[in-house]
Amino acid sequence: MQFLEFEKPIADLYDQLEKLKENGAKSGVDVTATVVEYESKIAHTRQEIYDHLTSYQKVLLSRHPDRPYTLAYIEKMCTNFVELHGDRNVKDDKAMVGGFADLDGETVMFIGQQKGVNTKMRQIRNFGMANPEGYRKALRLMKLAEKFNKPIVTLIDTPGAYPGLEAEERGQGEAIARNIFEMVKLRVPVICVIIGEGASGGALGIGIGDRVLMLENSWYTVISPENCSTILWRSWNFKEKAAEELKLTSDHMKNFGLVDGVINEPLGGAHVNPDEMAVILKQKIKEELAELKKIDADTRIEQRIDKYSNMGFFDER
């Protein structure tokens, strides 16, 4: 198990528990009662820490290396996943994955960013930062789902669209803008779930839907706290303050009306119990799809347009 810095009290208790078990095994002494006591302490300490998380600690949780990514959720929630590749123009962007899958008897198009589970795969997946061809692949798959009248579920987890020169040369901004424009008009139900990081246009490129949901320990904003701190204070040292001021966590987004719901995670985060998290997410997706299918396509599109048109607020001085 990997622990974040603010989880050190939990890590210390786990170390003590492991030593206790080792000593018990070596000496032949029954330590069952003490083990139960330590497990209770761990649960209590975890509850105390997670009841008082700061915004930046939630950002760190969203990046936890053990946190499940898009393909892990698809594997746990679905059967018969058929991944589709390429944008039919440049190449297949490994940072963006998608394809049809069977969700308890219903065919659904799943699309999402994939970060990679180890150093080599993170490089191949470009750390979940898609190029223009990734967003054009995503749009191609959405149009394919629309053609066959299949609902779309997008799983968002990206530190942002890839900002490299070659991405800009191939039309990164246009690709994201085109996706936003086209997703508003899709005639099939669209559910978007922010499962980790939801940064800037990289998230918006697959984030326009009838329902936008966030996992409890995810974030959604125009810029990461570190980059915000660098721009405003010329240093990363104010990233915690930037996270608080950006109001980027799931509870803030729900209060602002920018997302439609927050999905609770197992205590300790999605990475502590990925199987349970997948069950929770799957149930929520099925509930939302059942509701959306009751609404005709024209009404859904009209509601989608109204929803995004009404976002934001300002004060006149």
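About 250 Å³ of space lies in the second largest pocket of this predicted model, and of the 14 residues that line this pocket, Leu-204, Tyr-220, Thr-221, Val-222 and Leu-258 are the closest to its centre. A pocket here is an open set of points on a 1 Å grid over the protein atoms alone, where a 1.4 Å probe fits, with protein on both sides within 12 Å along at least five of seven lines, and lining residues have an atom within 4 Å of a point. A volume is the space filled by probe spheres set on the points, which are joined across faces, edges and corners.

Because this is a predicted model, local features need pLDDT of at least 70 and side-chain atom pairs count only at pLDDT 80 or more, while totals for chains, interfaces and linings use all residues. Residues are numbered from 1 along each chain as its sequence is written, and side-chain values use heavy atoms, with hydrogens and water left out.

| Pocket | Volume | Lining |
|---|---|---|
| Largest pocket | about 340 Å³ | 22 residues |
| Second largest pocket | about 250 Å³ | 14 residues |

In the largest pocket, Pro-159, Gly-160, Ala-199, Ser-224 and Asn-227 lie nearest the centre. Helix 9 supplies the largest share of that lining, 3 residues, and also gives the most to the lining of the second largest pocket, again with 3 residues; helices (H or I, at least four residues) are DSSP runs numbered from the N terminus.

The structure holds 0 disulfides (pairs of cysteine sulfur atoms within 2.5 Å). For Cys-78, which is in no disulfide, the nearest cysteine sulfur is that of Cys-192, 16 Å away.

Methods:
Helix = DSSP H or I, 4+ residues; strand = E, 2+ residues; numbered from the N terminus.
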